[in-house]
Amino acid sequence: MPTTITLTSADEQLLHEQLSTGRYKDANALVAAGLQLLAKQDQQLRNFIQEGLEGEALDGDAVFAALEAKYSKQQPTGADS
């Protein structure tokens, strides 16, 4: 079943610019490529979230304390040093 969409003038301009490259056969092919890219990005995000949920948790206070200790030993650079 066909679907009708309404584009903003900026989106329509982008569509025409992309079509003028010859990379896409028509607007349908361009929209399909965009939807495939969106699906791929969504899957990557879900994978990252799952990895984070399954990964080892870090103690935030310990991480910041280690960073503070590391960088407090460094001398500031610049005209005042």
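Modeller: The model is predicted, so local features need pLDDT of at least 70 and side-chain atom pairs count only at pLDDT 80 or more, while totals for chains, interfaces and linings use all residues. Residues are numbered from 1 along each chain as its sequence is written, and side-chain values use heavy atoms, with hydrogens and water left out.

Biologist: Why is V31 called partly exposed?

Modeller: V31 has 35% relative accessibility. Buried means under 20% relative accessible area, exposed means over 50%, and partly exposed is in between (1.4 Å probe, protein chains only). V31 therefore counts as partly exposed. V31 is in helix α2; helices are DSSP runs (H or I, at least four residues), numbered from the N terminus.

Biologist: What makes F64 exposed?

Modeller: F64, in helix α3, has 60% relative accessibility, so F64 counts as exposed.

Biologist: Is A62 buried, partly exposed or exposed, and why?

Modeller: A62 has a relative accessible area of 43%, so A62 is partly exposed. A62 is also in helix α3, residues 60–72. From A62 to D42, 20 residues apart along the chain, the C-alpha separation is 32 Å.

Biologist: Why is E56 called exposed?

Modeller: The relative accessible area of E56 is 73%, so E56 is exposed. E56 belongs to the loop between α2 and α3. E56 and L30 are 26 residues apart along the chain, and their C-alpha atoms are separated by 41 Å.

Biologist: What lines the largest pocket?

Modeller: The lining consists of L7, D11, L14, L15, Q18, L30 and V31. Two or more residues come from each of α1 (9–20) and α2 (27–54), and α1 gives the largest share, four residues. The pocket holds about 190 Å³ of space. On a 1 Å grid over the protein atoms alone, a pocket is an open set of points where a 1.4 Å probe fits, with protein on both sides within 12 Å along at least five of seven lines; lining residues have an atom within 4 Å of a point.

Biologist: How many residues of each class are in that lining?

Modeller: Five are nonpolar, one is polar and one is charged. Asp, Glu, Lys and Arg count as charged; Ala, Val, Leu, Ile, Met, Phe, Trp, Tyr, Cys and Pro as nonpolar; the others as polar.

Biologist: Which residues line the second largest pocket?

Modeller: T3, T4, I5, L7, L15, A27, N28 and V31 do. The classes there are five nonpolar, three polar and no charged. About 160 Å³ of space lies in this pocket, and α2 gives the largest share of the lining, three residues.

Biologist: What makes the nonpolar surface patch?

Modeller: I5, L7, V31, L35 and L38 make the patch, about 440 Å². Patch residues have over 30% relative accessible area and no salt bridge, and nonpolar side chains are joined within 5 Å. A salt bridge is a side-chain nitrogen of Lys or Arg within 4 Å of a carboxyl oxygen of Asp or Glu.

Terms used. Grid points are joined across faces, edges and corners, and a volume is the space filled by probe spheres set on the points. Patches are made of residues with over 30% relative accessible area and no salt bridge: like charges are joined within 9 Å, nonpolar side chains (Val, Leu, Ile, Met, Phe, Trp, Tyr) within 5 Å. Accessible areas come from the Shrake-Rupley method with a 1.4 Å probe; for residues, only the protein chains shown count as cover.
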